[in-house]
Structure formats: C-alpha cells, structure tokens
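Here are a few notes to read alongside the model. Have it open and follow the points in order.

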Amino acid sequence: MAATLTCTPGGGSDNSYISLADADAYFANGLRGEVWEAWTSDQRTRALVEATQQIERLGGSRVSTDSANRSRFRGEPYESLLSDQCLHFPRTTDLDEGGSIIVPQGVKDAVCEQAYFLLKKQDEPDLLDRADLRRQGVKSVSVDGISESYGATEVPDGIAAEAWEHIRQYIVRNFYVRG
C-alpha cells in the first residue's frame, strides 16, 4: 500500500510539514538531488512522514497543562490549544506577508534533511550503531584497528546533524519554573 502524505499547515490530519513536491524541489538543484530522486516516491513520502514524526518528538507534548511536559518549541500553536491542529507548527508567529499561516522554512528544511538521513541510513547501515553505543554509555570502541571515541553531543540521538542545525532555533533551551 502506498504511503499517503498530508500537508496542510494547521490541519487536523497532517502527517508532514512539507509536501513531496516541495521536498523534491529542496533537493533538485543540490549535489544530493540525483540520490534523492533515485528513491521511489513512496520511499520519499514514507521518509518525510517518519522525519516529521521524529521532529515532532523533539517538541514534546503539544497539548499539556503540565509545565514539565509542555511543548519545547518556541511559541504557541497557531490556533488555541482546543483546535484540531495536530502538529506543533505553525506557531502564532508563522505568517507570510499576506497573513496566511505557514510552516517555517527551517522546519521544512529539517524534515527534508532528516528524511534524507533516514533513507541513506536504510541503504547504507553503519557497521556500528553509534547512537545505540552512546545510549549504552560506551565512550570508545575499536574494531579491526580502527578506533572511535564518543563524547557528549548537543544533537539528539537519531537526529541528523543537518536537521538539527535547522530545527534547533525553534527549541526552547530553558524553562522557567515557578516555586
């Protein structure tokens, strides 16, 4: 069964921040364009949906009154918390010059980068799952005369560094706690 991608900013059934056509355009003029186009449209669609889900998880709970579990993305969803908007974006400040709601380009770019990362990882799996090793607390590993050391990183596990560069500007770094 072919994957279905729904992308209507602020919609109640959205599963992606970017359409397949817009993602194709994102890669079209770059060095990775041919690689992106080599995957089937179904693979690209599935990757965009999964990438959106992974970016969504960075934001935490979208609807919560619990301050420890509130959204970690800056601002408030475009509609009130009672609306049917199912994704974190658009936020109240995400409007184009004409006043229409939009998903910020940085969010769309992050989803594209994460989708590309997921497809490449599927095609060329690592000999070592570095993210899993770091989660297990491994600091260094040596295999066949090649060694690697792992240190702390700001990039969340499973998120492409390129995607993080685009999305981190939307992440709240500090929360104020009332005593």
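1. A quick definition to start: a salt bridge is a side-chain nitrogen of Lys or Arg within 4 Å of a carboxyl oxygen of Asp or Glu. Keep in mind that this is a predicted model. By that definition, the structure holds 5 salt bridges.

2. Begin with R32 and E113, whose side chains form a salt bridge at 2.7 Å, N to O. R32 sits in the loop between α1 and α2 (33-38) while E113 belongs to helix α4, so this pair ties together parts 81 residues apart in sequence. R32 is partly exposed at 29% relative accessibility, whereas E113 is buried at 5%.

3. Next, look at D24 and R44, which meet in a salt bridge at 3.1 Å, N to O. Here D24 is in helix α1 (residues 20-28) and R44 in helix α3, 20 residues apart, so the pair links distant parts of the chain. Are these two buried or exposed? D24 counts as buried at 16% relative accessibility, and R44 counts as buried at 6%, because buried means under 20%.

4. R46 and D42 make a salt bridge too, at 2.8 Å, N to O. They are 4 residues apart in helix α3, which means about one helical turn separates them. R46 is partly exposed at 42%, and D42 is partly exposed at 25%.

5. Finally, check H88, found in the loop between α3 (41-58) and α4 (105-123). H88 is buried, with a relative accessible area of 1%. Its side chain has a polar contact of 2.9 Å with the side chain of E56, and the H88 side chain also reaches the backbone oxygen of G59 at 3.4 Å.

Notes:
Residues numbered from 1 in each chain as written. Predicted model: local features only at pLDDT ≥ 70, side-chain atom pairs only at ≥ 80, totals over all residues. Heavy atoms only, no water. Helix = DSSP H or I, 4+ residues; strand = E, 2+ residues; numbered from the N terminus. Buried < 20%, exposed > 50% of the residue type's maximum accessible area, 1.4 Å probe, protein only. Polar contact = N/O pair within 3.5 Å; in protein donor to acceptor, adjacent residues only side chain to side chain.
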